[in-house]
Amino acid sequence: MKRARLPQLVVATTAVLAAALALIFFYAPTDADQGLSQRIFYFHVPIALTAYACFGFGAWKALRHLWTRVDGADLESYVAIHQGVIFGSLTLLTGSLWAKISWGVWWAWSDNQLVLFLVLFLFYCAYFMLRYSVDPGPARANMCAVYALFGVVLIPVSFLAIRLSRSFIHPVVFTSHGPQMTHAQFLTFCVAFLGMLLLFATLYQLELAGKRLDAQLKELRELLA
Amino acid sequence: MSPSEKYTAAAYLVVFVGVLAYVLIIAAKVQRLQRDLASLIELLRAREVEGLPDDLRLPASGG
């Protein structure tokens, strides 16, 4: 994606997220069981799925770095994983708030989905410790790429844990029979998910542009020194 | 406000504040990069005065 698309991405993200908020609060029906707090679902689940997408995208870029040695793939992988950690933090925070009002606790260690998501999140947090403990260069890029690829294995495990688990404290919405919600709820969810994916694309382009500019200025400074 | 309303508002506020904080951090970084760029341009102009060849001269700034 070219940098020139950033303004269009910002406009699209703002429009879709505004539409998502309007649908969440004025269109989607109120859940008979949970009431208003069920509306946290429309941001919490898309944010969690976007975090998986960020980590998956980061792993894909890492694979490209290892496979083709294409310029910039290492930086792109790093930025995608950074975004994944941000979306992961938001998932944990919104999830804790939803858990408190629904289950009466901030966190449930008995729930495999929560624990596996935390493991995935901490695994990718440790990516930054690895990255900043090694001097920049090809060795660091290779190590980080391998680490990012290992982490991607945790994504399907984390996603499927809820379906394989015998604990039913965490609600299962997407089953083998399709989404367990009304059409209005599903439409709202899809718009919110699209908004989150666009938010990721925008923040990714923004951060990547900044990192590239920083690297170019550093190079220029070295040339002028 | 009922507890349900409070927690729902808090969840959405957390997302808003998180994204806002991120954008502010990036904005601060862009400002730093602009300052760096300005200092590099100043350095280049100073060297230009010292006698760079014509093909390496910087174009006059438009303001």
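**Entry: ground rules.** I count residues from 1 along each chain as its sequence is written, and chains are lettered from A in the order in which they are written. Because the model is predicted, local features need pLDDT of at least 70 and side-chain atom pairs count only at pLDDT 80 or more, while totals for chains, interfaces and linings use all residues.

**Entry: chain A overall.** I looked up the secondary structure and found 7 helices and 2 strands in chain A. Helices are DSSP runs of H or I with at least four residues, strands are runs of E with at least two, and both are numbered from the N terminus. Along the sequence the pattern reads α-α-α-α-α-α-β-β-α. I fitted a box along the principal axes, and the C-alpha atoms of chain A fill roughly 65 × 40 × 30 Å.

I then checked burial, and 39% of the 225 residues in chain A are buried. Buried means that 20 or more other C-beta atoms, placed from the backbone, lie within 10 Å of the residue's own. I also looked at contacts (C-beta atoms, placed from the backbone, within 7 Å). Among contacts in chain A between residues at least 6 apart in sequence, 77% join residues at least 24 apart.

**Entry: chain B.** I found 1 helix and 0 strands in chain B. Of its 63 residues, 6% are buried.

**Entry: where the chains meet.** How many residues of chain A are in contact with chain B? I noted 25 residues of chain A in contact with 20 residues of chain B. On the chain A side, α2 (41–68), α3 (73–103) and α7 (183–224) each supply at least two residues. The largest share, 10 residues, comes from α7(A). I sorted the side of chain A that touches chain B by class and got 15 nonpolar, 5 polar and 5 charged residues. Here Ala, Val, Leu, Ile, Met, Phe, Trp, Tyr, Cys and Pro count as nonpolar, Asp, Glu, Lys and Arg as charged, and the others, Gly among them, as polar.

**Entry: the core.** I looked for nonpolar cores, which are sets of buried Ala, Val, Leu, Ile, Met, Phe, Trp, Tyr and Cys residues joined through C-beta atoms within 7 Å. The largest has 57 residues, of which A:C54, A:I81, A:A192 and A:F200 touch the most other members. The largest share, 14 residues, comes from α2(A). I followed A:F200 and found that it touches A:T50, A:A53, A:C54, A:Q83 and A:F87, not counting residues up to four places away in sequence.

**Entry: helix pairs.** I fitted axes as lines to C-alpha atoms over the stretch in contact, with angles running from 0 to 180 degrees between N-to-C directions.

α4(A) and α5(A) pack at about 175 degrees, with axes 10 Å apart. They are therefore roughly antiparallel, a word for angles over 145 degrees. A:Y127 of α4(A) and A:Y147 of α5(A) are among the residues making the contact. By class it has 8 nonpolar, 1 polar and 2 charged residues.

α3(A) and α5(A) pack at about 45 degrees, with axes 10 Å apart. A:D74, A:S77, A:Y78 and A:I81 in α3(A) meet A:A141, A:C144, A:A145 and A:A148 in α5(A).

Methods: Two residues are in contact if their C-beta atoms, placed from the backbone, lie within 7 Å. A residue is buried if 20 or more other C-beta atoms lie within 10 Å of its own, exposed if 12 or fewer, and partly exposed in between; C-beta atoms are placed from the backbone. Angles under 35 degrees count as roughly parallel, over 145 as roughly antiparallel, 65 to 115 as roughly perpendicular and the rest as oblique.
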